[in-house]
Amino acid sequence: MLLSGPGWMLPTALLCLYGFFCNLRPSEPFLTPYLLGPDKNLTERQVFNEIYPVWTYSYLVLLFPVFLATDYLRYKPVIILQGLSFIITWFMLLYAKGVLAIQFLEFFYGVTTAAEVAYYSYIYSVVDHNMYQKVTSYCRTATLAGFTVGSVTGQLLVSVAGWSLYSLNVISLTCVSVAFATAWFLPMPQKSLFFHQQSSSHINKAMRAVEVTDEEIEDIAKTQTLRQWEEAESKVPLNSEAQLIGEQHAPGFKMNIVNVLKILWRDFIQCYSSRPLLCWSAWWALSTCGYCQVVNYAQGLWEMVMPSQDSVVYNGSVEAVSTLLGAVAVFAVGYIKITWSTWGELALAVFAFLIAAAVYVMDTVRNIWVCYACYVVFRSIYMLLITIATFQIAASLSMERYALVFGVNTFIALALQTLITLIVVDSRGLGLDIFTQFKIYAGYFAAISLIFLVSGTYRAVKTCRSKPAPAGNSVDS
């Protein structure tokens, strides 16, 4: 039964507490210095080329199975699994030694990121659809607040109080343990998107009350289906969290994995036949791949520019500032006036070039403050553009395909990231040093800029030569 009125408050509050404490990890901005320091005594090559790639591989392998398990198990067990994986990860950070042990740690961290789908989906299965906007706002605010508070706390404890990085990991372990305990009190959902669909009560009541025709029954079913699609559409996280969506069937139809896969494939073909959607999705996947690589290895670059053993680092402050400025950039999207259907690709080309320049300067100047500033610019621009891409893709889709497209885009981005990691980073590939890696990442974004410059110029010229279309921000279908 979906909750409205006062009943929605308890599961929302519990989920917000879980999200806050899961992200309250003051040690995370200092992970690389910790692994390279005396506590773990690992080398740069071991950390960057042998350990960090494991997270990318495990995330890719676990992404789709965890999504299906989330739906089959009805969210809560996967949230509990995520909390347990967080505990294992930080427990191993405290006590595990050696490359192999830390690689297993990275695998469990891959479990936590793959299981984020359960966190972002759970609340919509227990509250009424008219509460979606409010509960989404609360849950996202909780995760952002947890990350920001954790980053600032870690920075203050290191810079002001002089705490060790080991102590920060103890605090992180405590916080994720609180989150794990909180997850057990979440109410168990009675339905899910695929495997546990509740029958339509108002259809059954209508059929018992009066004798209706087949056409009338079909109309009622379509109304209920639309409402279910609206619920599913709200379950997709904007930053990246991967989900797929299938077709809701009439009450009484039993869903299984074969039916789910058939529906997903059919909708996939229909969605990506649209050129504008394909264009924005291509940018989404390509840029998210590069973004994840830069964010994952930025601490390594900073450590090489200014070793934490020789001076005080400000990783926590930079992460907090970049997150807040990124939020401001996202807010500003609502006030940007541009005909995206005509000039969107050129705008993506310009901003991709700015991202490439920021990454290149970060890599070549070798000044820690320049690195920090470029990182803030890099994250802010990406958050701005990914929000625009989200809006443009959503504008060109019917609701039932919204989650499918974002899930596929995220999966493609992760697959590309895995390929780049295997070739560029992994010791079994080229195993390049951190500075060479960032030159490649800068070139990668420059290539994205060139692709969209050519495509955008062609589209703008073609549009200007033809009859002007009505002004608006929607993507041409």
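This is a predicted model: local features need pLDDT of at least 70, side-chain atom pairs count only at pLDDT 80 or more; totals for chains, interfaces and linings use all residues.

A: Let us begin with the setting: the protein has 17 helices and zero strands. Of its 477 residues, 52% are buried. Its accessible surface is about 20900 Å², and carbon and sulfur atoms account for 68% of that area. If you take the contacts between residues at least 6 apart in sequence, 83% of them link residues at least 24 apart.

Now zoom in on S308. You will find S308 in the loop between α12 (275–305) and α13 (315–332). Is this serine buried or exposed? S308 counts as buried because its relative accessible area is 18%, and the cut-off for buried is under 20%. Which residues does S308 touch, leaving aside those up to four places away in sequence? They are P33, E303 and V313. With E303 there is also a polar contact: the two side chains are joined at 3.1 Å.

One last stop, at the cysteines. The structure contains zero disulfides. Take C292 as an example: the closest cysteine sulfur belongs to C289 and is 7.5 Å away, so the two are too far apart for a bond. A disulfide would need the sulfur atoms within 2.5 Å. Another cysteine, C16, has a relative accessible area of 14%, so C16 is buried.

Conventions:
Residues are numbered from 1 along each chain as its sequence is written. Side-chain values use heavy atoms; hydrogens and water are left out. Buried means under 20% relative accessible area, exposed over 50%, partly exposed in between (1.4 Å probe, protein chains only). Helices (H or I, at least four residues) and strands (E, at least two) are DSSP runs, numbered from the N terminus. Contact means heavy atoms within 4.5 Å. Accessible areas come from the Shrake-Rupley method with a 1.4 Å probe; for residues, only the protein chains shown count as cover. A polar contact is a pair of N or O atoms within 3.5 Å; within protein, one must be able to donate a hydrogen and the other to accept it, and residues adjacent in sequence count only if both atoms are side-chain atoms.
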